[in-house]
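This report describes selected contacts within and between the chains of the model shown below. Please keep the sequence and structure at hand while reading.

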Amino acid sequence: MAETTIPLKLTAKDFKSDQEVRWCPGCGDYAILAAVQQFMPELGIPRENIVFVSGIGCSSRFPYYMNTYGMHSIHGRAPAIATGLSASRPDLSVWVVTGDGDALSIGGNHLIHALRRNVNLKILLFNNRIYGLTKGQYSPTSELGKITKSTPAGSADSPFNPLSLALGAEATFVARTIDSDRKHLQSVLRAAAEHQGSAFVEIYQNCNIFNDGAFDLIKDADTRDEHLIRLEQGQPITFNGLNVVHPEGSFGLKVQKGGTPIVHDATVDDPAYAFALSRLSGSDLGTTPIGVFRNVQRPSYDEIVRKQVLDARAQADGTPEEMLDGLLNAADTWTIL
Amino acid sequence: MAAPAKRVEQLDRVVIRFAGDSGDGMQLTGDRFTSETAQLGNDISTLPNFPAEIRAPAGTLPGVSSFQVHFADYDILTPGDAPNVLVAMNPAALKANLADLPAGADVIVNTDEFTRRNLAKVGYAVSPLDDGSLGDYAVHPVALTSLTLGALAELGIAKKDGERAKNMFALGLLSWMYSRPFESTLRFLERKFAKRPDLVAANKAAFHAGWNYGETTEAFSVRYEIKPAKMRPGTYRNITGNQALSLGLVAAAVRSGLPLFLGAYPITPASDILHELSKHKRFGVTTMQAEDEIAAIGAALGAAYGGSLGVTTTSGPGVALKGETISLAIALELPLVIVDVQRAGPSTGMPTKTEQADLNMALFGRHGEAPLAVIAPKSPSDCFHAALEAARIALTYRTPVILLSDNYVANGSEPWLLPSVDELPDLRVEFATAPNADDGRFLPYLRDPETMARPWAVPGTPGLEHRIGGLEKADKTGDISYDPANHEFMVRTRAARIEAISVPDVDVEDPSESARVLVLGWGSTFGPIGAACRALRQRGLPVAQAHLRHLAPLPDNLGEVLKSYDKVIVPEMNLGQLANVIRARYLVDAVPFNQVSGLPFTAATLESMLEDVVKNG
């Protein structure tokens, strides 16, 4: 691999590819793309060492628009492909861009296993609660009873809470943000980028064609303060005159007037805390925390795998050819003269 | 008193089958006998046969596990059709294997296991040892278990451990009968039970007791010798197909200078390749046991994108799941090796039995026009060279390659003349390092004029940042394209670049140079077809044999070869998959001959079929 030198100071423009962006006008993806392109230079990583891998869906067109390395792969399989890339190339910064259908429906298995392994991936899940590219069927994050083309009488299956799912898989970094809040989005991306291991970021993203206004409750200036809970490390969790408390004798967290608000600490090792936080938000968005829910350290899959190979190599003698000769002969052999 | 001198008879070949309960250690016994035989310089071919159940109920027919070894003083091609000797450790083993024995075969039975209860388990009302039903065979009743326990009495070993050593008694007896050198077995026991000196002592004592039993008892009056085979000079080891395939992949990593990344999900009969490769990290081998077959190939493809030699190993059901990712690899034009150790299907089928029925899937089993290269090894040791060849094609032509092994070659073994590492193919590759267009741009789909391969530009290379994906790509630039003319061009180009892969011509073996009948095979049928052809030629019946290693693309000279015979017979362990390809492509009236029993062809079956064709047309 080529030696990397100290990069020139890059700008957002350096991360824009020459491809025409083809999302629907007004799509939330534009805001996310702009935010990512603007934030990327901060990483100080040369463009050639950044790879975006995506699956299939509207969000998965993302790599084409980034002037980095990129692969637009198969529906649901991006975490698997990215795992092979990341485990074999520790010098790369690997980002997965996925959607609610891609990551949680067809690719649910790969997502939970990437998180369980703690592969060094930054996973951005654009959640718009609808299938956009196939033109408007309900998704695994659509609210129960959702009326769509494929469910004229209302969907019959309960949605996933993506953060609860990720935390159930013991993801080491779990966060949520919103497409339209560039500052918050970038602060979450920054924290994700700094994390060693899997970073899972759910981004609420508006599909203005098939599910317009899905997140208005927490976006509109008129309503958002009543529903949005901003998590800040080391700060008490309060909003709109309400506190998030841990009622005595209860397993979870509760929003109430009065009481002692808990102080947010994303580094709590037990995922139960972040899980409890994730349970505050339901389909109705009534009380929706955003920010970093969990940020803990444990060895990444890549590091462990890499170390096993390096340790084995360190103990090996001779050139690869000599070692191969030894391996071929490592059995009961006999010689015919 | 000295033991009576035993008569020594010379034989040119013997087939022995060790059969017992799954827990009786028959695979190990067979392995050791094979290793002793290899030391002596006989040519060998082996075939294990074990149940898919991990531990079927003891003493039942489904629980029978066997290991067949064929050895000779000349070069042999198969594990043998019918055993000359059956070692039956219990009534179930006798019953399950009796039908395969020719009249006059030696049958050594462990009489201690012929209890009323064990006989009843397999439906014997009366012991076959007592009712005269074994009159056609030379039966040697041996109280194997009690003799073993007797020999170990002074060692103070637990009864259960003592009983478990009875396979070594059997091995000792057979080693005596066939005059095998046993030092390697004693060394093996020391290694295997290094942490249990009591078991080393017990197993060695059981082995010696078996040997001495043969020497002293009157039940065995003849000892046999089989002279070493005339084999090409060099150093040999015995090797199974799965081992050889694993070593071939390691060799491909060494000779290409690339890290090897294996993504795999456990599946019979391919798992041993994952097990073997996971031991060779010092060669820069990374093995990932993925969450499923799809992730396994996905990770391998991701690693290939990053510049590794990406490999995934599986069996038929796994290839079915990997189809979409293989298709992506075809669109991305990245190197990838997919190993399919075939087993009997459809669905779960018979996971421990063999078949060649994934050829259609390998050639055609994907959506869209999705061509790739397909190759198949012809014998256990050939798996080594087939793995290197698969890597050569993948790396040179930047394409996925399917390697079709099967259960028969994967678990069978034979002596392997060890190659010199320096003589293995040079697989070094060059990654793209600089823009390739006149205007200073990088065109990810600009092709090498000779190989038609596109550049392998791995992430981390400055200035070559580009995006690839499953959407149709414009020629040269790789940009997304829905242009009709471009799609037509790209589909035809992908087909043409596979057809243009350089593969060796197919050789025809016809010592008479007068044969009018050609037998065309592929993969693991090489041994039985070759043995049948030899047998016919020895009887003065000319027959030609051609064997395909490359199934896609097919060798350039194949059409000409096929057209120069009056009759082309295609034996396959499927319902005629290669025969269909041959008929469609060359308009030759190829005649299929098919067997789908889960077992390899016997040479005798093929000999009798071919005899009829050669004589009667």
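## Strand pairing between the chains

In this predicted model, Met71(A) lies opposite Ile468(B), a residue of S17(B). The strand pair involves S2 of chain A, residues 69–72, which runs parallel to S17(B) and is joined to S17(B) by three bridges.

## The interface of chains A and B

The contact between the chains draws 56 residues from chain A and 57 residues from chain B. On the side of chain B that touches chain A, the elements that each supply at least two residues include strand S17 (467–469), helix H1 (26–40), helix H9 (241–256) and helix H12 (316–332). H11(B) provides the largest share of this side, with nine residues. By class, the side of chain B that touches chain A consists of 28 nonpolar, 19 polar and 10 charged residues.

## Domains of chain B

Chain B is assigned four domains: domain 1 (7–226), domain 2 (237–423), domain 3 (430–502) and domain 4 (508–616). The centres of domain 1 and domain 2 of chain B, taken over C-alpha atoms, are 35 Å apart.

Between these two domains of chain B, 13 residues of domain 1 are in contact with nine residues of domain 2. H1 and strand S3 (43–49) of chain B each contribute at least two residues to the domain 1 side of this contact. S3(B) gives the largest share of that side, six residues. The domain 1 side comprises eight nonpolar, four polar and one charged residues.

## Helix packing in chain A

Two packed helices are described by the angle between their axes and the distance between the axes. For H2 (residues 78–88) and H4 of chain A, the axes come within 8 Å and cross at roughly 35 degrees. Pro79(A), Ala80(A) and Thr83(A) of H2(A) meet His110(A), Leu111(A) and Ala114(A) of H4(A). This contact of H2(A) with H4(A) involves four nonpolar, two polar and no charged residues.

Leu115(A) counts as buried because 26 other C-beta atoms lie within 10 Å, whereas the criterion requires 20 or more.

Beyond its neighbours within four places in sequence, Leu115(A) is in contact with Ala166(A), Ala169(A), Ala171(A), Ser198(A) and Phe200(A). Between Leu115(A) and Ala330(A), the separation is 215 residues in sequence and 39 Å in space, taken from C-alpha to C-alpha.

Terms used:
Residues numbered from 1 in each chain as written. Chains lettered and ligands numbered in written order. Predicted model: local features only at pLDDT ≥ 70, side-chain atom pairs only at ≥ 80, totals over all residues. Buried ≥ 20, exposed ≤ 12 C-beta atoms within 10 Å, placed from the backbone. Contact = placed C-beta atoms within 7 Å. Helix = DSSP H or I, 4+ residues; strand = E, 2+ residues; numbered from the N terminus. Nonpolar A, V, L, I, M, F, W, Y, C, P; charged D, E, K, R; others polar. Pairing = 2+ DSSP bridges. Axes fitted to C-alpha atoms, helices over the stretch in contact; angles between N-to-C directions. Domains from an automatic or database assignment.
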